[in-house]
Amino acid sequence: MVEIPDGFDSYAVVILRRPGNAPELGEEEAEALQQRHQEHIMSLIQSGAAYAGGPLMDHSNPALRGLMIFRVPLDEARGLAAEDPAVRAGQLVPDSFTWWFPAGLLDFDRPRDGRD
């Protein structure tokens, strides 16, 4: 494991992608699963486990579906992503990694109403 140098921030990141062998679902089943998936993402954000999560759009790889940035360690983020109903149903596969960059470039802890 690479040690992150001083002066860098790091985040656990999960990219959700649709596997080529995802089971076919009926419309009602797919809608219900999507609802449970969205509820799972929101519960992670509301609990403080994740900073943000949402769909990926306008990309060159149609298998890419979503991205989550976590505030918990990578191993815990992997476990939480594995609990996603869409992952359990085989509709999504989580790819996870640690993302690091010079400290201070991002501030997920600032107030969400735009105040400094």
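Modeller: Before we start, strands here are DSSP runs of at least two residues, numbered from the N terminus. This is a predicted model.

Biologist: Understood. Which strand does Phe97 lie in?

Modeller: Phe97 belongs to strand E4, which covers residues 93-102.

Biologist: How exposed is Phe97?

Modeller: Phe97 has a relative accessibility of 33%, so it counts as partly exposed, a class that runs between the 20% and 50% cut-offs.

Biologist: Which residues form the nonpolar patch on the surface?

Modeller: The patch consists of Phe97, Trp99, Leu105 and Leu106, and together they have about 360 Å² of accessible area.

Biologist: Turning to the sheet, what is the strand order?

Modeller: The order is E2-E3-E1-E4, in an open sheet of four strands with antiparallel pairing. E2 and E4 stand at the edges with a single partner strand each, so one side of each has no neighbour in the sheet. On average, neighbouring strands are turned by 20 degrees against each other, direction ignored.

Biologist: How many bridges join E2 and E3?

Modeller: Five bridges, in the antiparallel sense. Pro55, for instance, has Gly66 in E3 as its bridge partner.

Biologist: And which strands do the helices lie across?

Modeller: Helix H1, residues 27-47, lies across E1, E2 and E3 and runs at about 155 degrees to E2. Helix H2, residues 74-82, lies across E1, E3 and E4, at about 150 degrees to E4.

Biologist: Where is Asp58?

Modeller: Asp58 is in the loop between strands E2 and E3. Its phi is positive, about 55 degrees, although Asp58 is not a glycine. Most residues other than glycine have a negative phi.

Biologist: Is Asp58 buried or exposed?

Modeller: Asp58 is exposed, because its relative accessible area is 82% and the cut-off is over 50%.

How values were computed:
Residues numbered from 1 in each chain as written. Predicted model: local features only at pLDDT ≥ 70, side-chain atom pairs only at ≥ 80, totals over all residues. Heavy atoms only, no water. Buried < 20%, exposed > 50% of the residue type's maximum accessible area, 1.4 Å probe, protein only. Patch = residues over 30% accessible without salt bridge, like charges linked within 9 Å, V, L, I, M, F, W, Y side chains within 5 Å. Areas by Shrake-Rupley, 256 points an atom, 1.4 Å probe, with all protein chains shown as cover. Salt bridge = Lys/Arg side-chain N within 4 Å of Asp/Glu carboxyl O. Pairing = 2+ DSSP bridges. Axes fitted to C-alpha atoms, helices over the stretch in contact; angles between N-to-C directions. Contact = heavy atoms within 4.5 Å.
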